[in-house]
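Here are my notes on the chain you asked about, point by point. Keep the structure open while you read, and look up each residue as it comes along.

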Amino acid sequence: MKIGTIGIGGMGAPMAQNLVQDGDSVLAFDIAPEKVDAITGPGLERAESVTQIAQDCGLIILMTPDDKALRDVMYGDTGILSVVSFTGCVVDLSTTSEILAREIGAAVTARGAGYLDGAVIGGGVNKARKGTSPVIVSGDETLFEKYKPKLERLGSVDYAGEQGNAKIEKICNNLLLGINTVSGAEALSIGEAAGLTLEDMTRWLDDSSGNTAALQGMFGHFVQNGTFPEGIASLKFYDKDMSLGCDLAERNAFPAHFTHLTRQIFATAAQVEGADAPFASILTYYRAMQHAVPEDDRRG
């Protein structure tokens with residue numbers, strides 16, 4: 001089978017490479033052709049357009065940045081649905097809204113093709129490279145079972161039920177990560193202000209009840225290496241993830257206090273650290289705030 005991949009970023013690139021197995025080849029497309037050129041090799045070629053992928057591939061994996069990009073890939077003049085002959089299956093792993101997933105699912109199904117919405121819910125670039133990403137997929141279960149062996153090349157794959165469920169789970173996952181990142185940065189900065197070191201705190205908290213993926217995976221990495229892990233979203237990009245959570249809460253008339261507050265704190269940090277800084281740099285933002293307060297004021 002020829003498998004199409006659209007969106008060759010930090011996650012999409014290793015996923016495209018891992019799909020080249022058992023005689024299957026991959027045709028990859030990105031609006032930045034050089035990203036595809038960097039990973040081409042035996043079994044993996046660059047497509048010139050989304051149209052070419054829809055014409056040549058029976059299975060298409062999407063990893064687009066947002067709802068607008070996903071709409072363009074599906075509905076654009078050279079999008080997947082512009083190819084009348086396409087009757088394969090689209091598996092969308094983008095971090096996008098559940099409303100759009102359900103809308104596209106209905107449109108694709110009406111055309112006699114298949115659509116599954118999915119999400120990678122952890123592990124980042126490191127697990128994507130190893131082919132061990134945790135992936136959930138929702139939509140038609142028969143379709144899921146048909147393509148599950150292909151998707152398992154990306155990692156562990158689980159079925160999440162009706163269309164849109166995988167997107168909801170992804171949004172909730174990213175809300176937890178965002179909230180834990182902000183709260184962890186604040187807690188560690190309070191400890192530093194009280195005289196502890198970041199090195200000691202991350203080490204002592206490694207096996208604690210307060211430990212989180214944000215605490216060790218990002219802040220612990222920062223302590224050990226002086227940088228945040230590769231592939232972390234920027235503050236600007238993570239605002240999109242938090243906005244998806246705000247919108248989901250609003251659609252369900254749910255008072256999402258932590259979600260809105262966390263988004264506001266990230267927005268303030270972006271003004272200080274720069275919108276392109278990794279969202280885990282909320283830690284350096286908090287530490288900068290600590291040092292900005294005169295010592296006499298800190299002591300009360």
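**Notes on the chain**

1. Let's start with a charged cluster: a network of salt bridges links Asp-22, Asp-24, Lys-150 and Arg-153. Bear in mind that this is a predicted model. If you search the whole structure, you find 16 salt bridges.

2. Stay with Asp-22 for a moment. Where does Asp-22 lie? You'll find Asp-22 in the loop between helix H1 (12-18) and strand S2 (25-29). Asp-22 has a relative accessibility of 70%, and because anything over 50% is called exposed, Asp-22 counts as exposed.

3. Ala-253 sits in the loop between helix H11 (235-251) and helix H12 (257-273). With a relative accessible area of 70%, Ala-253 is exposed.

4. Now zoom out to the whole chain. How many helices and strands does the chain have? Count them up and you get 14 helices and eight strands. The radius of gyration is 21 Å, close to the 19 Å that the globule rule gives for 300 residues, so the chain is as compact as a globular protein of that length. Along its principal axes, the C-alpha trace spans about 70 × 45 × 35 Å.

5. Of the 300 residues in the chain, 49% are buried. The accessible surface comes to about 14100 Å², and carbon and sulfur atoms account for 52% of that surface. As for contacts between residues at least 6 apart in sequence, 64% of them join residues at least 24 apart.

6. A quick word on charge.

7. Another salt bridge joins Glu-192 and Arg-287, whose closest N and O atoms are 2.9 Å apart. Glu-192 lies in helix H8 (residues 165-193) and Arg-287 in helix H13 (residues 282-292), so this pair ties together parts that are 95 residues apart in sequence. Is Glu-192 buried or exposed? At 15% relative accessibility, Glu-192 counts as buried, whereas Arg-287, at 23%, counts as partly exposed.

8. For a salt bridge within one helix, look at Asp-200 and Arg-203. Their side chains meet at 2.7 Å, N to O. Asp-200 and Arg-203 are three residues apart in helix H9 (residues 198-204), so about one helical turn separates them. Asp-200 counts as partly exposed at 23% relative accessibility, while Arg-203 counts as exposed at 53%.

9. Take a look at Ala-249, in helix H11. Ala-249 has a relative accessibility of 8%, so it counts as buried. Which residues does Ala-249 touch, leaving aside its neighbours within four places in sequence? They are Phe-254 and Ala-256. The C-alpha atoms of Ala-249 and His-260 are separated by 9.9 Å, and these two residues are 11 apart along the chain.

10. Last one: Thr-95, which is found in the loop between strand S5 (89-92) and H5. Thr-95 is buried, with a relative accessible area of 15%. Leaving aside neighbours within four places in sequence, Thr-95 is in contact with Thr-64, Pro-65, Asp-66, Lys-170, Asn-174, Lys-240, Asp-241 and Leu-244.

Key:
Residues are numbered from 1 along each chain as its sequence is written. This is a predicted model: local features need pLDDT of at least 70, side-chain atom pairs count only at pLDDT 80 or more; totals for chains, interfaces and linings use all residues. Side-chain values use heavy atoms; hydrogens and water are left out. Helices (H or I, at least four residues) and strands (E, at least two) are DSSP runs, numbered from the N terminus. The radius of gyration is taken over C-alpha atoms; the globule rule is 2.2 Å times the number of residues to the power 0.38. Buried means under 20% relative accessible area, exposed over 50%, partly exposed in between (1.4 Å probe, protein chains only). Contact means heavy atoms within 4.5 Å. Accessible areas come from the Shrake-Rupley method with a 1.4 Å probe; for residues, only the protein chains shown count as cover. A salt bridge is a side-chain nitrogen of Lys or Arg within 4 Å of a carboxyl oxygen of Asp or Glu.
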